Each structure stands twice: as C-alpha cells, then as structure tokens.
Amino acid sequence: MKITKYIPDFITAMNIVCGIIAVVFAFKGRFDYAFPLMLAAAVFDFFDGFAARALGAYSDFGKELDSLCDLVSFGVLPSVMLYKLMCICSFGESWLCWTPLVIAVFSALRLAKFNVDERQHVNFLGLPTPACAVLCGSMCCFIAHYPSCFLAEWAAGPVFVPVLSVILSALLVCEIPMFSMKIKFGSGMDITNRKRILFAILVLATTVVAIVLHLNWSFVPMISFILYIVKNIVYYLAKL
C-alpha cells in the first residue's frame with residue numbers, strides 16, 4: 001500500500017481542521033485569528049489538488065472529501081463571521097443577524113453543482129466558494145481593525161450585511177462565467193489568460209495602495225475580490 005496516495009487526502013483534511021478552529025474563533029469575535037485560518041484553509045485547498053495531480057492520486061473519495069471540507073471552511077465559516085459581525089456592530093443579536101447563514105446553504109448548493117457540472121473544468125459558472133469566503137472574511141477582519149470606518153457603520157445597520165449575504169448567495173449559484181485565477185503558462189495570451197493577468201496586476205496595485213496608505217493587510221483581499229466579482233459581471237454583460 002503506497003502511503004503517497006493518502007497525502008492529498010491529508011492535505012484536504014488540514015483544510016477542515018483550519019476551518020473548524022476558525023469557526024470557534026469567529027464565534028468569539030476573533031476575526032484576527034479566524035481570517036488567517038480561512039486563508040490557510042484556502043492554501044491547503046489549492047495544494048491538495050496540486051498534490052493529487054503530481055502524485056497521480058486523484059480519487060472520487062478525495063473529490064467528495066474536498067467538497068465537505070470546503071463547505072465548512074468556505075461556507076459555514078464566512079456565514080458565522082458575518083453573523084458575529086452583525087452581533088458585535090449592532091445592539092445585540094436579532095433575527096436579522098441570522099441572515100448571513102444563508103451563505104452556508106448556497107455554498108452547499110454551489111459545491112454540489114460544481115461536482116456534477118461538466119462545464120466547469122477550466123473556469124467557473126458562478127462565484128467560487130473560496131472567493132465568496134475570502135471577501136466576507138477580509139471584510140470582517142478589516143472592520144474589526146477599523147471599528148470607526150464607514151463599513152463598520154454600514155454593518156451596524158439592518159440592511160448592508162443581509163443584502164450582501166443575499167447578493168453573494170445569488171452569485172454562488174448563478175450562471176455568470178467567472179475565470180479561474182490560475183494563470184496558465186504556455187497557453188498563450190488567450191482572452192482568459194489576459195483576464196487573469198489583468199486581475200493579477202490589479203491585485204498588485206491594490207497591495208501598493210495598502211502599503212502607501214498604511215492600511216491593514218485585509219484591505220488587499222477585500223478589494224481584490226470585489227474587483228474580481230465586478231470584472232466578471234462586466235465581462236459577462238459585455239460578452240467578452
């Protein structure tokens with residue numbers, strides 16, 4: 001029995017380990033710990049597929065395990081973070097604070113759709129769950145670091161977070177094409193690769209802005225994934 005066949009599954013399991021610990025921190029309102037753990041889960045989510053291809057250890061079991069782990073790290077976790085954000089920013093828990101939990105439901109639908117949809121081998125249809133999660137997590141982390149910013153004021157109200165949750169949930173299961181962010185070296189400068197490279201340039205520019213303005217590092221993924229969503233919607237409407 002080759003132990004190498006279990007390496008991708010071990011990496012995948014580390015995804016959910018990070019996700020579970022992050023959920024605990026999220027319930028405590030410690031977004032400064034929960035968000036980095038979410039990013040660690042995203043790193044493991046990337047490298048499990050890379051390891052499976054490199055070791056020739058791809059399996060249906062690994063595919064299903066990956067989806068279950070993603071549901072925790074990129075579905076339940078961002079929902080809990082937004083829920084706790086509303087509880088902290090508003091005057092206490094109300095039924096509106098539960099609205100962000102809808103993201104977990106639609107993340108499950110998104111992952112199930114991805115597993116059976118043969119059209120999503122190269123790019124995506126709908127917002128990928130990691131992108132949705134990182135946007136939510138980075139926003140929570142940014143607001144926690146700047147409790148007097150306008151986003152914190154919006155989060156304290158009854159509209160912003162619930163509406164954002166509904167919009168993100170709709171984007172998760174929509175049919176809008178969204179490019180994968182893995183740049184394909186050697187595939188030439190096709191239109192998809194140009195989209196990826198332009199996005200990478202925008203991320204770099206956002207990083208420079210954050211450094212110049214001395215902003216918390218969570219600003220970079222927050223703005224980057226807002227741009228990712230906007231760019232893909234524009235591409236879709238312009239039929240590019």
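Buried means under 20% relative accessible area, exposed over 50% and partly exposed in between, using a 1.4 Å probe and protein chains only. These legends show a predicted model, in which local features need pLDDT of at least 70, side-chain atom pairs count only at pLDDT 80 or more, and totals for chains, interfaces and linings use all residues. Residues are numbered from 1 along each chain as its sequence is written, and side-chain values use heavy atoms, with hydrogens and water left out.

**View 1. Helix 4 and its buried residues.** Helices are DSSP runs of H or I with at least four residues, strands are E runs of at least two, and both are numbered from the N terminus. Helix 4 covers residues 102-116. Look here for buried Ile-103, Ala-104, Ser-107, Arg-110, Leu-111, Lys-113 and Asn-115. Their cover includes helix 3 (60-89), strand 1 (124-125), helix 5 and helix 7.

**View 2. Asn-115 in helix 4.** Asn-115 has a relative accessible area of 15%, so it counts as buried. Leaving aside neighbours within four places in sequence, Asn-115 is in contact with Lys-63, Glu-64 and Ser-67 (contact: heavy atoms within 4.5 Å). Its side chain also makes a polar contact with the side chain of Ser-67, at 2.9 Å (a pair of N or O atoms within 3.5 Å, one able to donate a hydrogen and the other to accept it; residues adjacent in sequence count only if both atoms are side-chain atoms).

Key. Expected span 1.5 Å × (residues − 1).
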